[in-house]
Amino acid sequence: MVSIIYNKTCFLKSVSKISDINIEHGIEIAFIGYSNSGKSSAINSLTNQKKLARSSKKPGRTQLINFFQVISNFRIVDLPGYGYAKCPMSIKLKWQKLIYNYLKKRKPLKGLVFLMDIRYPLKIYDQYIINIAINQNIPIFILLSKCDKLTLTQQKKQFQIVYTKLKIFLQDVHIELFSSFKKIGISKLQSQLNIWYKQYK
Ligand SMILES: Nc1nc2c(ncn2[C@@H]2O[C@H](COP(=O)(O)OP(=O)(O)O)[C@@H](O)[C@H]2O)c(=O)[nH]1
Ligand SMILES: [Mg+2]
């Protein structure tokens, strides 16, 4: 069993276009989801660092693709959140195109950690991204984030709803309850990343 030390993860670079990435070795796993779904907080929890990926109360602040190096041939990527209602359409379209191109073209990309606020899962743009991932054969690991906001009964109910809907499209549905605040699901996330890393090492 591979075991990776996540708390040594460090910032590598930020880009606003795919052609600026310039890193082709190794593999990477991207964190994706709506703006404010908890992506940056999840990266911070995963790596046990407070400010590695900026987490903001203002949704939509992460406008770039941010790369972090876990170990030399393994990166995690914080993608710009989609669907932030209050920003201009031109910016929304730019981000959507950036994410779309990244998913379609990025060869080192080997998996998606998909964050969905447990209270509002499978919104329209989530479904769009899941479709792209299925078409591109990119495996998805779903985190139902901020699960601390619901009771255990509600959490189970939401889990079941998401599972049932996705089972129609996906052979293997991997979903976990997740909370950065309560440190729930972090070891499950690490185990999944270890598995992905091991597959491509
Ligand atoms: N209750 C709760 N709030 C969270 C959790 N994770 C993040 N948040 C809050 O949700 C907001 C967005 O988080 P952030 O990580 O910046 O989301 P991002 O836009 O997807 O990167 C912030 O106000 C966080 O404090 C969590 O596990 N539980
Ligand atoms: Mg963020």
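How many nonpolar, polar and charged residues make up the shell around ligand 1? By class, the shell has two nonpolar, ten polar and five charged residues; here Asp, Glu, Lys and Arg count as charged, Ala, Val, Leu, Ile, Met, Phe, Trp, Tyr, Cys and Pro as nonpolar, and the others, Gly among them, as polar.

Before we go on, keep in mind that this is a predicted model, in which local features need pLDDT of at least 70 and side-chain atom pairs count only at pLDDT 80 or more, while totals for chains, interfaces and linings use all residues. Residues are numbered from 1 along each chain, and side-chain values use heavy atoms, with hydrogens and water left out.

Let's look at the ligand. A polar side-chain atom of Ser41 sits 2.6 Å from an oxygen atom of ligand 1, and a polar backbone atom of Asn36 is 2.8 Å from an oxygen atom of the ligand. The protein buries 90% of the 580 Å² that ligand 1 exposes when taken alone (areas from the Shrake-Rupley method with a 1.4 Å probe).

Now for the salt bridges, in which a side-chain nitrogen of Lys or Arg lies within 4 Å of a carboxyl oxygen of Asp or Glu. The structure holds seven of them. One joins Lys146 to Asp117, with the closest N and O atoms 3.9 Å apart. Lys146 lies in the loop between strand E6 and helix H4, and Asp117 in strand E5, so the pair ties together parts that are 29 residues apart in sequence (helices, H or I, of at least four residues and strands, E, of at least two are DSSP runs, numbered from the N terminus).

Notes:
Chains are lettered from A and ligands numbered from 1 in the order in which they are written. A polar contact is a pair of N or O atoms within 3.5 Å; within protein, one must be able to donate a hydrogen and the other to accept it, and residues adjacent in sequence count only if both atoms are side-chain atoms.
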